[in-house]
Amino acid sequence: MRVPVIAGNWKMNKTPEEAAALCRALLTHLDVLDDREVVLCPPFTALATVSEAIRGTKVVLGAQNVFYEDSGAYTGEISPLMLQALGVKYVIIGHSERRQYFGETDEMVNRKVKAALQHDLKPIICVGETLAQREAGVTETLVKSQVDKAFHDIAADEAKQVVVAYEPIWAIGTGKTATSREANRVIGMIRGTLGEIYGDSVAQAIRIQYGGSVKPGNMAELMQEPEIDGALVGGASLDAESFARIVRYDD
Ligand code: PGA
């Protein structure tokens, strides 16, 4: 049985003070649920605050990016060692905003995934097509290639630690969600690709989330689909009540 992961991607929002307030509100709404994992991914500057705020709870800490070197002359970057030292357990890698605005390539994503795994951070690898790619009918080819490249040279026992987030770019922050059936279909295809690389039993163990305009009103339906193992939530994770309802699969 795969344990679903529901991760809140706060993106470039919340000062440490605001982050502490959001955590307090969230913890009053959030039920402790043993059958799912909840991850909060604040900006780097609020990691220490959130780490403190969730101490002793079942909520775990995630980061939104990582560099692939441990230390050195890389002005502005944050290493996996630094994240690990703050109690970070998950790290989002290759989010479409990083690919689009910061030039992240599949090769960089792969290096970051390897570096994260070396330091016991679980990568949440984001893949997904643009609207133009969807309309051109290349969704499958594109997503398959992103998955193949992200997992290049990653051993099977490490691959099991990885979470994949299928986020169609046209659904991010737009209010447009892929239908749950369509999300399930593409996620099934991603699992098929992982099966070709690692075999069926490893592919069955890897968790694959859906992301893109997830909100309380569509989470329950998404979670009824057999291939969907949770969600990567942007906008709705900034509101304590909405995020708590998403975590409960509550409409
Ligand atoms: P959204 O963002 O929920 O605001 O669409 C999702 C994401 O970018 O991870």
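View 1. Helices are DSSP runs of H or I with at least four residues, strands are runs of E with at least two, and both are numbered from the N terminus. This is a predicted model: local features need pLDDT of at least 70, side-chain atom pairs count only at pLDDT 80 or more, and totals for chains, interfaces and linings use all residues. Residues are numbered from 1 along each chain as its sequence is written, and side-chain values use heavy atoms, with hydrogens and water left out.

**View 2. Helix 5 and its cover.** Helix 5 spans residues 106-118, 13 residues in total. From first C-alpha to last it reaches 19 Å, close to the 18 Å expected at 1.5 Å a residue (1.5 Å times one less than the number of residues). Buried residues (under 20% relative accessible area, 1.4 Å probe, protein chains only) include Asp106, Val109, Lys112, Val113 and Leu117. Their cover includes strand 4 (88-93), strand 5 (122-127) and helix 7 (139-150); contact means heavy atoms within 4.5 Å.

View 3. The distance is 2.7 Å to the side chain of His95 and 2.7 Å to that of Glu167. A polar backbone atom of Gly234 lies 2.8 Å from a ligand oxygen. Taken alone the ligand exposes 280 Å², and the protein buries 95% of that (Shrake-Rupley method, 1.4 Å probe).

**View 4. The ligand shell.** 13 residues surround the ligand, each with a heavy atom within 4 Å of it. The closest are Lys11, His95, Glu167, Gly173 and Ser213. The shell divides into four nonpolar, seven polar and two charged residues. Asp, Glu, Lys and Arg count as charged; Ala, Val, Leu, Ile, Met, Phe, Trp, Tyr, Cys and Pro as nonpolar; the others, Gly among them, as polar.

Definitions and conventions
A polar contact is a pair of N or O atoms within 3.5 Å; within protein, one must be able to donate a hydrogen and the other to accept it, and residues adjacent in sequence count only if both atoms are side-chain atoms. Buried means under 20% relative accessible area, exposed over 50%, partly exposed in between (1.4 Å probe, protein chains only).
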